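Grab a pencil and have a go at these exercises. Try each task before you read its solution.

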Amino acid sequence: MTLGESRLRHALLEASYDYHRPWLEWRCPLDGQVSEMLCNITTSPHQRLCQSTIDIAKHHPLILIRQLSLLKKRLIEDGSGVDSENKSLIKRGRIQGRQFEGDTIARVGSRDVKVSIILWGYSFSEPVWTSVLDVLMSLPAEVAFTCGWKAGLNEVLEVYLKLLYTHIKILHMESNIERICEKFTILLSSFASCKSNDFQDWASEKVFGWGAIGKLIECCG
């Protein structure tokens, strides 16, 4: 029996969903390869690497979604502008957002100085965020929105919502995230079509410090 057999695919999907906790901890030789590919795609994405990762997502989706926590971590790092060792990420090619009101004036001793306030999400690498979306969109919907949800896909999507909200509502720089927003909207539409009730349940939840997910989705168009 091969993976082309629908019965086997269904059995694997059902087992991964029902026993998701031990399944997330299982490892095979391909896990290390996928982890390395995702680290590379969130550091320096290029077309050949992206296509190879997309192929993995299509042919080994259950292996790839075991790495969703890694994707979340890497996206958060990219949005912070520093890596896991607190070293500044390379600025070349990164989008740099600035506050709509401009610099803030602060009083230091007897003189005023200009202060640029930079929060999470102000700076990011667009190729990283679009490449990750391309990978997620390549996952079969029946896997992404079932087992993927158990593996933390919702948390990855919420990181995207935070980035989009930051540039649309805080920085008023929608042009910074047009490509990301377009792809993200397609992914959400796929989710709503595949699992309508689950999508509505998720939209009614809240992200701590950011508000209702449904409101964040509305802000993103």
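**Exercise 1.** Which residues do ring pairs link into a cluster?

*Solution.* Keep in mind that you're looking at a predicted model. Start with the whole structure: a search of it finds 11 aromatic pairs. One of these pairs is Phe-191 with Phe-199, and it is edge-to-face. Now for the cluster: ring pairs join Trp-120, Phe-124, Trp-129, Tyr-160 and Phe-184.

**Exercise 2.** Work out how the planes of Phe-191 and Phe-199 are arranged.

*Solution.* A pair of aromatic rings is described by the distance of the centres and the angle of the planes. Step one, distance: the two ring centres are 5.3 Å apart. Step two, angle: the planes make 85 degrees. Planes over 60 degrees apart count as edge-to-face, and that's the label for this pair. Both Phe-191 and Phe-199 are buried, by the way.

**Exercise 3.** Check whether the span of helix α10 agrees with its number of residues.

*Solution.* Helix α10 covers residues 153–170, which is 18 residues. At 1.5 Å a residue, it should span 26 Å. Its end C-alpha atoms are 25 Å apart, so the two agree. As for cover, 13 of the 18 residues in α10 are buried. After the helix comes His-172, with a positive phi near 55 degrees.

**Exercise 4.** Is Trp-210 buried, partly exposed or exposed?

*Solution.* First find Trp-210: it sits in the loop between β5 and β6. Its relative accessibility is 26%, so Trp-210 counts as partly exposed. Finally, look for its contacts: setting aside residues up to four places away in sequence, Trp-210 touches Lys-162, Tyr-165, Thr-166 and Leu-216.

Note on methods
Residues numbered from 1 in each chain as written. Predicted model: local features only at pLDDT ≥ 70, side-chain atom pairs only at ≥ 80, totals over all residues. Heavy atoms only, no water. Helix = DSSP H or I, 4+ residues; strand = E, 2+ residues; numbered from the N terminus. Expected span 1.5 Å × (residues − 1). Buried < 20%, exposed > 50% of the residue type's maximum accessible area, 1.4 Å probe, protein only. Phe/Tyr/Trp six-rings, centres within 6.5 Å; stacked < 30°, edge-to-face > 60°. Contact = heavy atoms within 4.5 Å.
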